[in-house]
Amino acid sequence: MPTAATPPSPSTEVCPGCGAVLAPVPAGSPTRPGASPSCARLFEVTLRGPREEASADVAAAATARLADAAYAAQHPVAGEPAAVSAALELLERELGGAGRARRSEPPAVWTTTIADVAADLDVIDLGVLVESWARAVLADWTAPAR
């Protein structure tokens, strides 16, 4: 006979980096600093194809590189500001926009996240989605604070 009720597992979790609300993944799933396990898993699954094709396909390599930078810029790690700076510099190089002033802190709300990218995969090409997401991340980092 149980002595205490086990609390039910939450049906969703919020990513501390990008704020995406996702279904939790099983314990022991791979994690990434600054992200929830479910967000990290969604990112890895969504970018699996371009990563596998990157060595033979320049476009796939570019998509993976842009996605990595957008994800890093949305999931800052405490004590590692250089990682966000490097990600934003790559986004500026690839997409233009160098020289714009950046916020000192990430925005409270992001325009687009990896969850939005994954949600539209059935109707829009992944490369197009990743570029749009990367542009939104860069714009969020350079928009005036509200």
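**Reading the terms in a predicted model**

Buried residues make up 35% of the 146 residues in the protein chain. The model is predicted.

Reader: What makes a residue of this chain count as buried?
Author: Buried means under 20% relative accessible area. By that cut-off, 35% of the 146 residues are buried. In helix 1 (residues 37–46), the buried residues are S38, C39, A40, F43 and T46.

Reader: What do the buried residues of helix 1 pack against?
Author: Their partners are strand 1 (13–14), strand 2 (21–22), helix 2 (48–53), helix 3, helix 5 (114–119) and helix 6.

Reader: Why is A143 called partly exposed?
Author: A143 has a relative accessible area of 30%. Buried requires under 20% and exposed requires over 50%. A143 lies in the segment after helix 6. A143 and R102 are 41 residues apart in sequence, and their C-alpha atoms are 7.5 Å apart in space.

Reader: What is the geometry of helix 3 and helix 6 where they pack?
Author: Helix 3 (residues 58–74) and helix 6 (residues 126–142) pack at an angle of about 35°, and their axes are 9 Å apart. The crossing is left-handed.

Reader: Which residues make the contact between helix 3 and helix 6?
Author: Helix 3 contributes T63, L66, A67, A70, Y71, A73 and Q74. From helix 6 come L126, G127, V130, E131, W133, A134, V137 and W141. Contact means heavy atoms within 4.5 Å. By class, the contact has eleven nonpolar, three polar and one charged residues.

Reader: What is known of the largest pocket and its lining?
Author: The largest pocket has a volume of about 180 Å³. Of the 13 residues that line the pocket, P76, P81, V84, S104 and W141 are the closest to its centre. The largest share of the lining, four residues, comes from helix 4 (residues 81–95). The lining divides into seven nonpolar, two polar and four charged residues.

Technical notes:
Residues are numbered from 1 along each chain as its sequence is written. This is a predicted model: local features need pLDDT of at least 70, side-chain atom pairs count only at pLDDT 80 or more; totals for chains, interfaces and linings use all residues. Side-chain values use heavy atoms; hydrogens and water are left out. On a 1 Å grid over the protein atoms alone, a cavity is a set of points where a 1.4 Å probe fits but cannot get out, and a pocket is an open set with protein on both sides within 12 Å along at least five of seven lines; lining residues have an atom within 4 Å of a point. Grid points are joined across faces, edges and corners, and a volume is the space filled by probe spheres set on the points. Helices (H or I, at least four residues) and strands (E, at least two) are DSSP runs, numbered from the N terminus. Ala, Val, Leu, Ile, Met, Phe, Trp, Tyr, Cys and Pro count as nonpolar, Asp, Glu, Lys and Arg as charged, and the others, Gly among them, as polar. Axes are lines fitted to C-alpha atoms, for helices over the stretch in contact, and angles run from 0 to 180 degrees between N-to-C directions. A crossing is left-handed if the near helix is turned anticlockwise from the far one by less than a right angle, and right-handed if clockwise. Buried means under 20% relative accessible area, exposed over 50%, partly exposed in between (1.4 Å probe, protein chains only).
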